[in-house]
Amino acid sequence: MMKTPNERLSVNAYLVFFLVHTAQIGLGIVGVQRVIFVEARQDAWIAVLISGLWIHLIVFVICQTLKSSEHDNIFSLHTFVYGRVLGWIMNAAVVVYFLMAYTSILLGYVEMALTWMYPDFPLWGGALILVLLTVYALYGGGFRLVAGVSFLTFFMAIWIVVVVFQPLKYAEWIHLLPILEATPKQMMNGVLKTSYTMLGFEVLYIIYPFVKEKERVHRYAQLGVLLTTFLVAIVTVIAIVFFSPKQLDVTIWASLSMFTIVKFPFIERFEYIVIPLWLLVILPNLLLFMWAMTRGGKALFHIKQKYGLFIFACLSFFVAMMFEKRATINEFIDQVGWYGFWLSFVYPFFLYVFVRMKTWAKGSAK
Amino acid sequence: MKWFIVVMLLLSGCVSPRVLERQGIITATGFDKKGKMYEGGSVMLSFKKMGSSMSEVIEATNKTSKGFRQDLEAQTSHDLGSGQIRVVVYGKELAEKDGIFGLTDTLQRDANIGSLVYLAVGEPSAKQVIKSKKHEDTPDIGTYLYRLIEKNLRSESLLAATLHEFIHSYYDVGKDAVLPCLSVRDDKPIIEKVALFRGDKFVGTVRLDESFYIKMLSSEYNTGLKNMTVSREDVAPLLIKKKGKKVNIVINEIKTKRKIKLISQKPTPHFRVTVNMQTEILEISDKTKPIMKDNVHILERAIEKQMKKEIDQLLVKLKRYETDPIGFGQIYDHSVRKLQLTDKQWLQLYKDARIDVDVNVSILRTGTID
């Protein structure tokens, strides 16, 4: 069982807002519009809101789970609920999930940067730079640095929101009509497809022990989720009114394509600012997920996080190298979304029930 | 930290540099049809180490637009860059027979090219537009065309010209694209007409004064000027002389808001269009009595009547071309639940669609005199 880290390693509760929000916002928001739109058509934005509401509920459940026993992170909760062997397997599943998520971000970002900016740069080169960056940051910093990075990058990137409204010049609001035409099934599929973009709040399971004021974690986590839902809903609405339906069906990075409209007197092609800047947006993702992996490594193999870092970095780099084509990368990202959906959108409820049952059983046994 | 900096420095050399003097920057391209091949020309702008830039038109003929690009590369010592393409002109024949979507696809796919590139139809051919020598004070014809279209968009005599808008309308069911139509007069490209499309095929043109109404009906109007001719009887009470020719009125600072409603679907779609317009009088060709509060409505009604007439004529013309740039089909599609309208279905419905137009003009000011 892991010990709760001491005062020196922990962070203030308000940082949970930035951690949860930056863990959620990442690569997904660049192209989420198409994947939801394909399912729920003009009601895609409603699917985003439903998914957001759902996440608010999950965050509540996660915080309840973490509060309800003396085990304050997912790895020790698993060992507590399932016992040694099964718990180990479940923990391994969580680590695999973070590995997949990390690699998908790595691949997705490099792929995007190569298509838009450096067509003659090799994929492995881009991936290597990002992996090295992660290792460099985490080797020296640890969790407090991750929190600092998400705090800083939040403010460095949030101003893009102002620019997002510029494409409204070409908006055709009629595209939003008729509202609620999607069947419940279409809507459900739409919600399912938002999962990859909305994922990230599950890091709560891991950062929880590192927060000083436990009773305020819940409030800040909810706020973080609220902002994410709001932003994703906005970019979805804007994409629906900006593109015509069939056009959105074929636009891979809808948010980026919308930025091609943005023009300033001093910079003609704004997307060339956005793409490098997006590195700042995905950086907290990369760091958090890698850090979560090393925590998992510690729980699974009892290796120091320092060594775990190198092992997992190499591992994710090699996994990334297995992909070449966009089609396979997309498929992979879809799978991560699917896996993440079950793990983060559904599983927390079960875990909560299991933990309550186990605590109850233990209490009555005494 | 040290090794990190070293890695950064080494990797930054990986992306190939581009030296400005060795770049040939394409500012405009034109495509024409020649048998089964594409014939085209590109305006290449290059910079000298000292002094000003120079432009040159290079031409090639090939089966595909990318092959065309390769042929161009063979003709110049510069590296051609397409990141600064401002205007792409398609010959009328090409646009009419083959359609231009296949050619715009390359523009979209290429991340170097922004979606604010202007597209235009060249009459009689793109080549003549691209090769024309007169381009005022701009360094090359591409920049001239760009500024020409930009100015007309700003003054709202054109309604759409960007790649984004073209693709948007192309993909949108029940709305057809329009593009500026460049014609050559005295070896200088000018905009006289607006080209209408059905899908990606050119079907005809309307004059700029007609495209005013397309713009008015399809979106909002915010500035601009309009010249109209009303019959003498309609404004008779205002005039001092009772006899003469028709009266010309120029209105300015036009602001419109439009509302299109689908009233009924069956048996044929029935739309009601309401346009509210606020404007100022800039010029009246005849001597009038002072225009006061109690007689301004005469003028307003006369303008309304004339506009209605012209809009009805335009709608007939658009129906004859089987094109719907205003987007009635779009409104139909989005007003009816559980409907997946196709372009073909809409074309059938559009032919018999009934469109009632209501124009409400209010004259806010009459210039410095009454």
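Which helix of chain A gives the most to the nonpolar patch? Helix 5 (residues 84–116) does, with four residues. Welcome to this predicted model; below is a short tour of that patch in chain A and of a four-stranded sheet in chain B.

**The nonpolar patch in chain A**

- The patch lies on the surface and is formed by A:Val85, A:Leu86, A:Trp88, A:Ile89 and A:Phe301.
- Together these residues have about 520 Å² of accessible area.
- A:Ile89 sits in helix 5 of chain A and is partly exposed, with a relative accessible area of 47%.

**The sheet in chain B**

- Four strands make an open sheet in the order 10-11-12-13, with mixed pairing.
- Strand 10 and strand 13 (354–365) stand at the edges with a single partner strand each, so one side of each has no neighbour in the sheet.
- From one strand to the next, the twist averages 45°.
- Strand 10 pairs with strand 11 (residues 247–264) in the antiparallel sense over six bridges, and B:Lys226 has B:Ile251 as its bridge partner in strand 11.
- Strand 12 (residues 270–284) and strand 13 run parallel and are joined by eleven bridges; B:Met277 has its bridge partner, B:Val361, in strand 13.

**The two faces of strand 10 in chain B**

- In a regular strand, side chains alternate between the two faces of the sheet.
- Along strand 10 (residues 225–230), B:Lys226, B:Met228 and B:Val230 point to one face and are buried.

- Helix 9 (residues 296–321) of chain B lies across strands 10, 11, 12 and 13 of chain B.
- This helix runs at about 145° to strand 13 of chain B.

Conventions. Residues are numbered from 1 along each chain as its sequence is written. Chains are lettered from A and ligands numbered from 1 in the order in which they are written. This is a predicted model: local features need pLDDT of at least 70, side-chain atom pairs count only at pLDDT 80 or more; totals for chains, interfaces and linings use all residues. Side-chain values use heavy atoms; hydrogens and water are left out. Patches are made of residues with over 30% relative accessible area and no salt bridge: like charges are joined within 9 Å, nonpolar side chains (Val, Leu, Ile, Met, Phe, Trp, Tyr) within 5 Å. Accessible areas come from the Shrake-Rupley method with a 1.4 Å probe; for residues, only the protein chains shown count as cover. A salt bridge is a side-chain nitrogen of Lys or Arg within 4 Å of a carboxyl oxygen of Asp or Glu. Buried means under 20% relative accessible area, exposed over 50%, partly exposed in between (1.4 Å probe, protein chains only). Two strands pair if DSSP finds at least two bridges between them. Axes are lines fitted to C-alpha atoms, for helices over the stretch in contact, and angles run from 0 to 180 degrees between N-to-C directions. Contact means heavy atoms within 4.5 Å.
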